[in-house]
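Please examine the sequence and the three-dimensional structure shown below.

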Amino acid sequence: MTNQSSLRPTLTLSDLYDSHIVYTSRPSYISNPWLEPEVHQSNFLTGRELIIANEMPVIVHEASVTDKLKMLFEAIGKAMPTNTLKFQDQSSYEQLIQDLAHDYKKVYFQYIHGEDILNKKYYALDKDIFVALNNKARIPEWTNHKYLPTREVVDIDNFVEAVAKWEYPFVLKPGDDLPTAGGYGVMICYNDADLEQAKLRIENAKNETDTMIIEQKVEAVANYCVQYAYSKYTGVRYIGTSEQLTNKYGYYNGNENVQDVPDAVIQAGKEIMEVGVSKGYFGIAGFDLLVDSNHDIFAIDLNFRQNGSTSMLLLEPFLQEGYHKFYSYLSHVDNSKFFNTIMKYVNMGVLFPLSYYDGDWFDNEVVKSRFGCIWHGENKAYVEKMEQQFLNDLEEK
């Protein structure tokens, strides 16, 4: 493997944020109808950006910074991050955030938290701006009314009547300020059965959601996540594009790198980023832009926050030239075998570790370990072969 000690990411978080800012990627412990992450998955997310944080302090669950992560990082020539602020549970997480804020720190949130947890005056990025830019109903404002599929925003009480006028397939999304992630709040309807399932979810959300979006299902030939960074030091900077891997219902299956991104897509994303910056946004953002067979561009989601594949783009100097895939895995075997199999492929130089959530950290419950990573190899066929071999090794008795 290449000696990587002298390499560094294309950009790090401490290049973008002032020294008094602390980062947390954990969703709030308080869920909503469109974001109900399992507690261990939310804890796992806290380690995802450690390797690109550089000097920026990161709030992280203790199970995400055990000796197993240290061993994985050592295998690729990286030191264990020392910029961590650790918590163990909801109480210690919320107390840590409050203590930091009252110690004259600002917190940069990946997902908004309730005012009862932390007053918005302690947000590094203005909370009202953050909420507005991530509101799916307001996408037309941030695209200057360009790149839009046919869509309708309706009061949730009028949804059933409004959706009856649409022809399949179409997409349903919440149209308010509640945070969503990973496609969990998106419902693609191809038939009556899909719509009936969606109606049940929407009915259950009525107490917390005021509006719904009904949107044309774009028949895409490419699904890009085009990403940018902005700070007063760097200006608007294009950091790369990944292609999103999803099934027909939009469920997320990772990201892969893409070499030949149309200039029009990069320009569309830059225009959107510049609008966000003009409203007061700073940091990293990624925009889901679809391209159809007519080469038309459609903005279906604007994530004014870091994205799953952000680390993959910034860590390109560390990766083999060729094909890259960002993904994460949940142990379905014993945690020791899971870790040892991961280490085997890291040592082979085809698997780059980002995060490891150590289920064995927990004494009083059985917790499956989780692993976030980047596959990298000379081409897609080779990486797919290695990944399948990895999965087969996990299944072997």
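The following paragraphs consider the salt bridges of this structure and the exposure of their partners.

The model is predicted. How many salt bridges does a search of the whole structure find? The search finds 19. A salt bridge here requires a side-chain nitrogen of Lys or Arg within 4 Å of a carboxyl oxygen of Asp or Glu.

One of these pairs joins Lys-120 to Asp-128, and their closest N and O atoms are 3.0 Å apart. Lys-120 has a relative accessible area of 39% and is therefore partly exposed. For Asp-128 the relative accessible area is 43%, so this residue is partly exposed as well.

A further salt bridge connects Arg-138 with Glu-141, where the closest N and O atoms lie 2.8 Å apart.

Glu-271 and Lys-146 form another salt bridge, with 2.9 Å between the closest N and O atoms. This pair links distant parts of the chain, since its members are 125 residues apart. Glu-271 belongs to helix α10, which covers residues 263-279, whereas Lys-146 lies in the loop between α7 (139-142) and β5 (151-155). Lys-146 has a relative accessibility of 35% and so counts as partly exposed.

Finally, salt bridges can also be joined into a network. Which residues are linked in this way? Lys-68, Asp-358 and Asp-360 are linked in a network of salt bridges.

Notes
Residues are numbered from 1 along each chain as its sequence is written. This is a predicted model: local features need pLDDT of at least 70, side-chain atom pairs count only at pLDDT 80 or more; totals for chains, interfaces and linings use all residues. Side-chain values use heavy atoms; hydrogens and water are left out. Buried means under 20% relative accessible area, exposed over 50%, partly exposed in between (1.4 Å probe, protein chains only). Helices (H or I, at least four residues) and strands (E, at least two) are DSSP runs, numbered from the N terminus.
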